[in-house]
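Dear colleague,

I am handing over the structure we spoke about, and below it you will find an account of what was found. Please read the text with the structure open beside it.

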Amino acid sequence: MERLKSVVVTGGTVRLGKEIADFLENEGWRVVRSSHRMESGAQIVADLSNADGADKLFDEACRILGCIPDALVNSILLQ
C-alpha cells in the first residue's frame, strides 16, 4: 500500500493557505498547518522570520508526521 503524501502549509489556517490546505486534504494528502500565531486549526506555531522558527517548523512537522514532509507550501502574506 502506498503511503499518503505529506505536506506542510504555512499560513494554512486563513485565506489562501487554508484553501490550499483544504484542497490537499480532500485530495488525500496528510496536511500539517502552521501559523505565526495561535489560531484555530494551527498544528504548529512558528515565527518564520528567523532560523529558529524555521527549525521549529521542520522539527514539529517531522514529529507530527513521523517522517520528513514530501512538500512545503509557503503561503505567508508579506506586508
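Ser-75 lies in the segment after strand β4, where helices (H or I, at least four residues) and strands (E, at least two) are DSSP runs, numbered from the N terminus. Before going further, please note that this is a predicted model, in which local features need pLDDT of at least 70 and side-chain atom pairs count only at pLDDT 80 or more, while totals for chains, interfaces and linings use all residues. Residues are numbered from 1 along each chain as its sequence is written, and side-chain values use heavy atoms, with hydrogens and water left out.

Is Ser-75 buried or exposed? Ser-75 is buried, because its relative accessible area is 18%, and buried means under 20% relative accessible area, exposed over 50%, and partly exposed in between (1.4 Å probe, protein chains only). If its neighbours within four places in sequence are set aside, Ser-75 is in contact (heavy atoms within 4.5 Å) with Thr-10, Gly-11, Leu-16 and Gly-17. Ser-75 and Gly-28 are 47 residues apart in sequence, and their C-alpha atoms are 20 Å apart in space.

**The chain as a whole**

The protein chain has two helices and four strands, and from the N terminus on its elements run β-α-β-β-α-β. The radius of gyration of the protein chain is 12 Å, close to the 12 Å that the globule rule gives for 79 residues, so the chain is as compact as a globular protein of that length; the radius is taken over C-alpha atoms, and the globule rule is 2.2 Å times the number of residues to the power 0.38. Along its principal axes the C-alpha trace spans about 40 × 25 × 20 Å.

Of the 79 residues of the protein chain, 34% count as buried. The protein chain exposes about 5300 Å², of which carbon and sulfur atoms supply 55%; accessible areas come from the Shrake-Rupley method with a 1.4 Å probe, and for residues only the protein chains shown count as cover. Among contacts with a separation of 6 or more, 48% are accounted for by residues 24 or more positions apart.

**The sheet**

In what order do the four strands lie in the open sheet? The order is β3-β2-β1-β4, and the pairing is parallel, where two strands pair if DSSP finds at least two bridges between them. The edge strands are β3 (44-45) and β4, each of which pairs on one side only. Helix α1 packs on the sheet and touches β1, β2 and β4, and its direction makes about 165° with that of β2; axes are lines fitted to C-alpha atoms, for helices over the stretch in contact, and angles run from 0 to 180 degrees between N-to-C directions.

Strand β1 (residues 6-10) is mostly covered, with five of its five residues buried. Five bridges join β1 to the parallel strand β2 (residues 30-35); in β2, Ser-6 has Arg-30 opposite, Val-7 has Val-31 and Val-8 has Val-32. On β4 (residues 71-74), β1 pairs in the parallel sense over four bridges, and the bridge partner of Thr-10 there is Asn-74. Together, β1, helix α1 (residues 15-26) and β2 make a right-handed β-α-β unit; a crossover is right-handed if, with the strands pointing away from the viewer, the path from the first strand over the helix to the second runs clockwise.

Strand β2 is also mostly covered, five of its six residues being buried, and β2 pairs with β3 in the parallel sense over two bridges. Ser-34 is found in β2 and stands opposite Ile-44 in β3. Ser-34 is buried, with a relative accessible area of 3%, and, leaving aside its neighbours within four places in sequence, Ser-34 is in contact with Val-9, Thr-10, Gly-11, Gly-12, Ile-44 and Leu-57.

Arg-15 has its place in helix α1 and counts as exposed, at 60% relative accessibility. Most residues other than glycine have a negative phi. Arg-15 has a positive phi of about 45° although it is not a glycine.

With kind regards
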